[in-house]
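Thanks for coming, everyone. Please have a look at the chain on the screen, and then I'll walk you through it.

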Amino acid sequence: MKLNRRRLRRLIKEEYARILLEGYPHGGYDSFSGHGGLGGMKSGMASGNVEACVQECMNAIPPMMKQICGMGMSHMVMNDIYHICEPICQKHGCNPDDIHEMVMSRLG
């Protein structure tokens, strides 16, 4: 199988999203959650917060923006999506940069 640049980027984004969902601390999102000293429970709670945050962000994005992303023009609405997700991330205690990456990878 030939691996082109687009496929490689997609694989990296998918693996990065998978690692974040498994609760490995990266980018500091778990430091905002207030579960600093809970050891094994920290990753489970952070992963639940991350998934809830991603789902709420996905629901908050207008259908037209999702359609634009589906057409391969996500660069046109990337900043708008970030600003939609930022207050949701603050509410859940997640890092907006990580959540934005995950949302953008799900949108395509």
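Let's start with one histidine. H100 is buried, because its relative accessible area is 8%. Buried means under 20% relative accessible area, exposed means over 50%, and partly exposed is in between, with a 1.4 Å probe and protein chains only. H100 is found in helix α5. What does H100 touch, not counting residues up to four places away in sequence? The answer is M78, I81 and Y82. A contact here means heavy atoms within 4.5 Å. Take M78: 22 residues separate H100 and M78 along the chain, and their C-alpha atoms are 8.7 Å apart.

A word on what you are looking at. This is a predicted model, where local features need pLDDT of at least 70, side-chain atom pairs count only at pLDDT 80 or more, and totals for chains, interfaces and linings use all residues. Residues are numbered from 1 along each chain as its sequence is written, and side-chain values use heavy atoms, with hydrogens and water left out.

How confident is the predictor? pLDDT is its confidence in each residue, from 0 to 100. The chain averages 76, and 73% of the residues score at least 70. Now find residues 26-45. There, pLDDT stays under 50. The model has 25 contacts for that stretch beyond four places in sequence. Be careful with them. Where pLDDT is low, the predicted coordinates should not be read in detail.

Next, the overall layout. The chain has five helices and zero strands. Reading from the N terminus, the order is α-α-α-α-α. Helices (H or I, at least four residues) and strands (E, at least two) are DSSP runs, numbered from the N terminus. Of the 108 residues in the chain, 32% are buried. Look also at contacts between residues at least 6 apart in sequence: 62% of them join residues at least 24 apart.

Now the core. A nonpolar core is a set of buried Ala, Val, Leu, Ile, Met, Phe, Trp, Tyr and Cys residues joined through side-chain atoms within 4.5 Å. The largest one has 20 residues. Those with the most contacts inside it are C53, V54, C57, I81, I99, V103 and L107. Which helices each supply at least two residues of this core? They are α2 (40-60), α3 (63-70), α4 (78-92) and α5 (96-107). Beyond four places in sequence, I99 touches V50, C53, V54, C57, C89 and C94.

C53 is in no disulfide, and the nearest cysteine sulfur, that of C89, is 3.5 Å away. C89 is in no disulfide either, with the sulfur of C53 as its nearest, at 3.5 Å. C53 counts as buried because its relative accessible area is 0%. C89 is buried too, with a value of 0%.

On to α4. Its buried residues are I81, C85, I88, C89 and H92. I88 has a relative accessible area of 10%, so it is buried. Leaving aside neighbours within four places, I88 is in contact with C53, E56, C57 and A60. I88 and C53 are 35 residues apart along the chain, yet their C-alpha atoms are separated by 6.6 Å.

What about the shape of α4? The expected span of a helix is 1.5 Å times one less than its number of residues. For the 15 residues of α4, that gives 21 Å, and its end C-alpha atoms are 21 Å apart, so the two agree. α4 also bends by about 30 degrees at C85, and a proline, P87, follows within four residues. The bend at a residue is the angle between axes fitted to the seven residues ending there and the seven starting there. Just after α4, G93 takes a positive phi of about 75 degrees.

Last stop: G48. G48 lies in helix α2. Is G48 buried or partly exposed? At 38% relative accessibility, G48 counts as partly exposed. G48 and H92 are 44 residues apart in sequence and 9.8 Å apart in space, C-alpha to C-alpha.

How values were computed: pLDDT = per-residue confidence, 0-100. Disulfide = S-S within 2.5 Å.
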